Amino acid sequence: MTLKKYHSIYWPCGAVLLMAGLMLMACCAGCKSSGNSGGGSKGLFASKKSKYEEQEKDITVLLADGNRAMGSRRYHEARGHYLKILEIYDKNPGIQKNPLPYCQMGIISEELKMYPEAEGYYRQAIALDETQPEPYNSLGYCMFRQQKYDEAIEWIEKAVELRPAGSKYLNNLALVYGSKENYPKAFQYFRLAGTEADAYYNMSTIFAMQGKNEEAQESLRHATRLDPSHKDANRMLMSYTETENDLFDSPTDFYDYQKRGLVEYHDTGAGLGGPPNVEPVTAGYTRQYGSSHQISGVPTVMGESHPVNITQPAPAPVNPVY
């Protein structure tokens with residue numbers, strides 16, 4: 001009697017548990033099958049990631065092609081490559097944007113004298129990464145080209161704050177102050193960017209730009225006294241002497257002389273994460289006053305190889321000529 005009672009009472013419960021176990025196994029098998037077929041959420045995420053990887057590879061190729069075109073000054077071709085990158089960004093909001101193509105587009109717009117458009121691209125680059133000095137410097141240089149000197153100083157100073165020993169930015173700041181005829185301030189920043197002889201040499205370019213040939217020659221003499229082996233200062237001073245102290249009839253003559261290669265130098269790889277051996281705004285650009293631009297009508301300067309921390313006071317000039 002006892003055994004029969006046990007079966008009659010507990011058998012239904014056992015049957016229920018058995019059925020529940022079978023259903024659970026079927027459910028797990030269905031989930032596994034769904035995952036293998038790619039129909040689950042994991043498959044969707046993997047597909048999305050794969051799409052972005054493909055787009056990022058396209059961006060890498062377009063960026064390299066654009067930089068090569070920029071290096072050869074094929075601006076319209078470069079513009080096409082960079083615009084394709086920006087189109088990819090617009091269509092794929094999930095991709096992390098690189099400020100470099102925006103900065104490059106700004107450079108091209110400047111060369112085409114489309115200054116408001118250039119400013120817009122530089123501002124976009126800044127918005128993407130506020131820690132990079134290059135877009136601030138480029139925006140400031142764009143303002144300088146429009147003779148908006150106060151705005152130029154404001155933006156280039158931000159680049160200097162981010163990279164105090166960046167002689168490119170210090171030289172640009174000196175250029176703007178010199179253009180405002182604030183010569184002591186210009187000399188101070190030239191001095192922070194390089195040697196004292198370089199600073200006097202660079203001051204001579206400011207004076208020559210403004211048609212002040214006597215002041216330019218005196219600055220060159222100071223440079224050669226401080227550094228008798230300063231080849232560029234000696235060459236420029238000799239050129240003045242050979243032309244009876246009137247080397248340049250106008251600033252344009254001076255620009256043309258400088259463009260023939262008096263003091264040209266290049267830099268590679270700094271700034272916005274561009275490919276090796278390519279400047280943030282492309283290889284092959286002669287840096288005018290330390291900027292990354294190839295600007296007609298602006299002479300080059302010395303000083304890139306002698307960075308000085310801006311927090312240090314500039315040495316007093318020797319018998320300043322201004």
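What share of the 322 residues in the chain is made up of buried residues? In this predicted model, in which local features need pLDDT of at least 70, side-chain atom pairs count only at pLDDT 80 or more, and totals for chains, interfaces and linings use all residues, buried residues make up 45% of the chain. Residues are numbered from 1 along each chain as its sequence is written, and side-chain values use heavy atoms, with hydrogens and water left out. A residue is termed buried at under 20% relative accessible area, exposed at over 50%, and partly exposed in between (1.4 Å probe, protein chains only). Accessible areas were computed by the Shrake-Rupley method with a 1.4 Å probe, and for residues only the protein chains shown count as cover. The chain exposes about 16,500 Å², of which carbon and sulfur atoms supply 55%.

The secondary structure comprises 13 helices and zero strands, where helices (H or I, at least four residues) and strands (E, at least two) are DSSP runs numbered from the N terminus. The order along the sequence is accordingly written α-α-α-α-α-α-α-α-α-α-α-α-α. Contacts were defined by heavy atoms within 4.5 Å. Among contacts between residues at least 6 apart in sequence, 59% join residues at least 24 apart.

Helix lengths were compared with an expected span, taken as 1.5 Å times one less than the number of residues. Helix α3 (residues 75-91) has 17 residues and reaches 24 Å from its first C-alpha to its last, close to the 24 Å expected. The buried residues of α3 are Y75, A78, R79, H81, Y82, I85, L86, I88 and Y89. The place of G66 is in helix α2, and G66 counts as buried because its relative accessibility is 0%. Leaving aside neighbours within four places in sequence, G66 is in contact with A78, H81 and Y82. The C-alpha atoms of G66 and E77, 11 residues apart along the chain, are separated by 7.3 Å.Helix α2 (residues 41-71) also gives the most to the lining of the second largest pocket, with six residues. This pocket has a volume of about 180 Å³. Of the 12 residues that line the second largest pocket, the closest to its centre are E56, I59, T60, L63 and N98. On a 1 Å grid over the protein atoms alone, a pocket is an open set of points where a 1.4 Å probe fits, with protein on both sides within 12 Å along at least five of seven lines, and lining residues have an atom within 4 Å of a point. Grid points are joined across faces, edges and corners, and the volume is the space filled by probe spheres set on the points.

Helix α6 (residues 133-145) has 13 residues that should span 18 Å at 1.5 Å a residue, and its end C-alpha atoms are 19 Å apart, which agrees. Helix α6 is mostly covered, with 13 of its 13 residues buried. The helix is followed by Q147, which is found in the loop between α6 and α7 (149-162). Phi of Q147 is near 60°, a positive value in a residue other than glycine. Q147 counts as exposed because its relative accessibility is 59%. A positive phi near 60° is also assigned to K113, likewise a residue other than glycine. K113 is found in the loop between α4 (99-111) and α5 (115-128), and is exposed, with a relative accessible area of 56%.

The buried residues of α11 are N213, A216, Q217, S219, L220, H222, A223 and T224. N234 lies in helix α12 (residues 231-242) and is partly exposed, with a relative accessible area of 29%. Leaving aside neighbours within four places in sequence, N234 is in contact with T224, P228 and S229. N234 and R221 are 13 residues apart in sequence and 8.3 Å apart in space, C-alpha to C-alpha.

Cysteines were also examined. A disulfide is a covalent bond between the sulfur atoms of two cysteines, assigned here to a pair of cysteine sulfur atoms within 2.5 Å. The structure holds zero disulfides. C103 is buried, with a relative accessible area of 0%, and C142 is likewise buried, with a relative accessible area of 0%.
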